[in-house]
Amino acid sequence: MTDRREKLLEEIGNRRDELIALTQDLVRMPTLNPPGVGYREICDYLAHRLSKRHFDFEFVRAHDTPGDSEKYPRWNVVARREGAKPGECVHFNSHIDVVEVGHGWTTDPFGGELIDGKIYGRGTCDMKGGLAASIIAAEVFVDLFPEFAGAVEISGTADEETGGFGGVAYLAEQGFFTPERVQHVIIPEPLNKDRICLGHRGVFWAEIETHGHIAHGSMPFLGDCAVRHMGAVVAEMERSLFPALAARTTEMPVVPEGAKQSTMNINSFHGGLPEPEEGFTGFPAAIVPDSARMIIDRRYLIEEKPEEVRGEIVALLERLKAERPKFSYTFNDMWQVAPTMTDRNSPVVTRVAKGISEVMGKEPDYVVSPGTYDQKHIDRIGRMHNCIAYGPGILDLAHQPDEYVGVEDMLGSARVMGLVLIDLLADGAKGQ
Ligand SMILES: [Zn+2]
């Protein structure tokens, strides 16, 4: 190992207390989403901190995106530090929102308590610990190697937990993630400090509605029950669709193991009268339902084509229409995201892998996420494909009570991120 690599690893270790304090500060800002509170305060904090290292920053409000309002504005911050000469840009993107607290905590969810080398609180693991690690890595790098080429960017973005439309999607639409501006993106989501997440499966959400004819419940033969038609849809899914999905496997290294196949969740199912309000003590009216609705959440593999994923469900409904008297339906597409997987030979992947083997003395595991995260917007809207998720924290702890992040894990991944900056910006990615 060269001197400067050793120097960087040592200096990150020296900043242990600073890393703890930074993580605690971030956790003590309760940026709960929904509804999406405190975004501006945390963006101000990040900008203030990074401006001391001569980062320029921009505050970007995602006007008119879902959830944005005067009361709950969707603020994002993008900070950029230019090097001494032209080169490539490495961008660390972290979401600043956290999910609701829920029950079962034995620590203060916004206290940021340090107990036995772990910092506790909502968002410690997902993903303020990752954000803090990337900040320490970038600060140490620019302090030690101010002559570097290219640029380092750090963004704090809104709304990842609710789809990222007021966050990374909006920034991508504004040109912040074009391949001309940014060449490498690392999202420090909690994937464990020795795993590189290359991408995610595809998603297809749709609503199916079956139609019937309203009548008095005592004479159902005068009507046509939409719930029975929907029952036939479920039966046909059980008979043909679910077994077909379970039989499809992927070459993508998806974790956990069960997600290596194609899956579909029936997200919701409603038919007939709406659920009565709580406290209502009356009886339901005798009615044959004329509408039933189902929302499906289909997760698909890189080997499957988006149009086939949709076509397979439409074909199932068409089969029922041909076989079942009076069956009619409508099908509404809700949203779709294609699967994505970054090339293992791309510079950001090979440099992070090298960093992991240097810092942890082992080869990394390569994984693909069963669900999506903000990489989808960088990939699809930004057209920037050199993107991975890599960060400290244990994935299973995300969204749980007594969520925590280990200080040693944060230091380990900060060291890897720092080495990646040396490789891509100080030594020059192209020279190797
Ligand atoms: Zn997250």
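In this predicted model, His399 is found in the loop between strand E15 (387-389) and strand E16 (404-406). His399 has a positive phi of about 70°, although it is not a glycine. The chain is assigned two domains: domain 1 (3-200 + 339-431) and domain 2 (203-337).

**Backbone features in loops and helices**

- His399 counts as partly exposed because 15 other C-beta atoms lie within 10 Å, and a residue is called buried at 20 or more and exposed at 12 or fewer.
- Asp64 also has a positive phi, near 65°, in a residue other than glycine.
- The place of Asp64 is the loop between strand E1 (56-61) and strand E2 (75-82).
- Asp64 has 10 C-beta neighbours inside 10 Å, and therefore counts as exposed.
- Asn33 and Pro34 are joined by a cis peptide bond, with omega about -10°.
- Pro34 belongs to the loop between helix H2 (16-27) and helix H3 (39-51).
- Asp126 and Met127 are likewise joined by a cis peptide bond, with omega about -5°.
- Met127 lies in a helix, namely H4 (residues 124-144).

- The C-alpha centres of domain 1 and domain 2 are 38 Å apart.
- Contact between the domains involves nine residues of domain 1 and 11 residues of domain 2.
- On the side of domain 1 that touches domain 2, strand E14 (365-369) and helix H9 (375-380) each supply at least two residues.
- E14 gives the most to that side of domain 1, with three residues.
- By class, the side of domain 1 that touches domain 2 consists of six nonpolar, one polar and two charged residues.

**The nonpolar cores**

- In soluble globular proteins, nonpolar side chains tend to be buried together.
- The largest nonpolar core in this model has 93 residues, and Ile136, Ala137, Ile388 and Leu421 touch the most other members.
- Helix H10 (residues 407-426) provides the largest share of this core, with 12 residues.
- Both domain 1 (3-200 + 339-431) and domain 2 (203-337) contribute at least three residues to this core.
- When neighbours within four places in sequence are left aside, Ile136 is in contact with Ile12, Arg15, Glu18, Leu19, Leu22 and Ala414.
- A second, separate core has nine residues, including Ile208, Val288, Met294 and Ile296.

**Helix H6**

- Helix H6 covers residues 226-246, which is 21 residues.
- At 1.5 Å a residue, H6 should span 30 Å; the C-alpha atoms at its ends are 28 Å apart, so the two values agree.
- H6 bends by about 45° at Glu238.
- The buried residues in H6 are Ala226, His229, Met230, Val233, Leu241 and Leu245.
- An α-helix has 3.6 residues a turn, so residues three or four places apart point the same way.
- The buried residues of H6 pack against strand E9 (202-211), strand E10 (263-271), strand E11 (291-300) and helix H7 (306-323).

How values were computed
Residues numbered from 1 in each chain as written. Predicted model: local features only at pLDDT ≥ 70, side-chain atom pairs only at ≥ 80, totals over all residues. Helix = DSSP H or I, 4+ residues; strand = E, 2+ residues; numbered from the N terminus. Expected span 1.5 Å × (residues − 1). Bend = angle between axes of the 7 residues up to and from the residue. Contact = placed C-beta atoms within 7 Å. Domains from an automatic or database assignment. Nonpolar A, V, L, I, M, F, W, Y, C, P; charged D, E, K, R; others polar. Core = buried A, V, L, I, M, F, W, Y, C linked by C-beta atoms within 7 Å.
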